[in-house]
Amino acid sequence: MHLTGLEANLACLGLVAADLLARTWRLQALVYGVGRRVTLRQSFMINAFAEAGATLSPMRVAGEPARLAGMLACRVPATASFVAIAFEVITAWPVLLLVTAVIGVRWAPDWWHAAGPRLAASARHDWPWALAVVALSLAALVGARHLARSQAHRAGRPLRRLLVYWRRMPAWPLLLSLPLSFVNNASRIALLPVLALTLPEPPSMATLIVGSYALTFGQLLLPTPAGAGAVELGFLGGAAGDLGRDDAWLLLAWRFWANGFGTLIGVWLAARLYGWPALRRGVARLLRRHPPAPGAA
């Protein structure tokens, strides 16, 4: 199957829309389950805030504070907001682990056979860049840990009351969250394989699926914003197979749909709600409270 550039980008737009809608419905259902209401528009805005915060922060650490800020702006009480977020994590992670297991068992061996030699050769050739990425990541990790520590104490009380809310939570929001979480994972993983179908000779689907999974969810473990540096190094080094001479353009397109599009929506909505001056003041306060680690770029 071959797609034109226009067809692939339209398909990616549909995948991103499916992801955003799934997360919007999931949060809306969970907030309803803890006895509060948010509209579809409000839930979309909250998730857009979270996406922007997560993408622009080390280890995605600002995602949940941004989600909380959006929920408070929609007049959801702090305790109910914390509990809804906790339920979202409880239902999302088992689905992600199941997806990980299926991909690992079914496609990982084929992926390693196809991409492993190229990744090893790239690591030997580009070791100075890899070392620089590790150094910058460690510097970012220091700042991320300070920020995460400052937010952790806020979640203690609601999480201790989670069992009380669990007894009150109806079953249907939790059950509905499971397929919606699967749509969230599947749509993100599908972006790179769809874009690769524009190539004259794309890698095998197994290689693309595992590579896309690793590049997408590896960002959860990388302490630079959206895994910047490490993800690019892995992408161009062959994590998704041999993408030919168009690998740089494919990287830009994938980055836009996987990270850029949702981030732009989140920043635009936040600017409309709070105004650009308020956003700048918030960033300035965050930087004053958590200055970059010495030597960090």
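Helices are DSSP runs of H or I with at least four residues, numbered from the N terminus. Asparagine 184 has its place in one of them, helix 8. The model is a predicted one, in which local features need pLDDT of at least 70, side-chain atom pairs count only at pLDDT 80 or more, and totals for chains, interfaces and linings use all residues. Residues are numbered from 1 along each chain as its sequence is written, and side-chain values use heavy atoms, with hydrogens and water left out.

Asparagine 184 counts as buried because its relative accessibility is 10%; buried means under 20% relative accessible area, exposed over 50%, and partly exposed in between (1.4 Å probe, protein chains only). Contact means heavy atoms within 4.5 Å. Not counting residues up to four places away in sequence, asparagine 184 touches Asp19, Ala22, Arg23 and Arg26. Asparagine 184 and leucine 20 lie 164 residues apart in sequence, yet 7.7 Å apart in space, C-alpha to C-alpha.

Now to the nonpolar residues. A nonpolar core is a set of buried Ala, Val, Leu, Ile, Met, Phe, Trp, Tyr and Cys residues joined through side-chain atoms within 4.5 Å. The largest such core has 48 residues, and Met71, Leu191, Phe235, Leu250 and Trp254 have the most contacts inside it. Among the elements that give two or more residues to this core are helix 1 (5–33), helix 8 (171–196) and helix 11 (247–274). Apart from this core lies another, of eleven residues, including Val95 and Ile189. Leaving aside neighbours within four places in sequence, leucine 191 is in contact with Cys12, Leu15, Val16, Trp254, Trp257 and Ala258.

Leucine 221, found in the loop between helix 9 and helix 10, counts as exposed because its relative accessibility is 70%.
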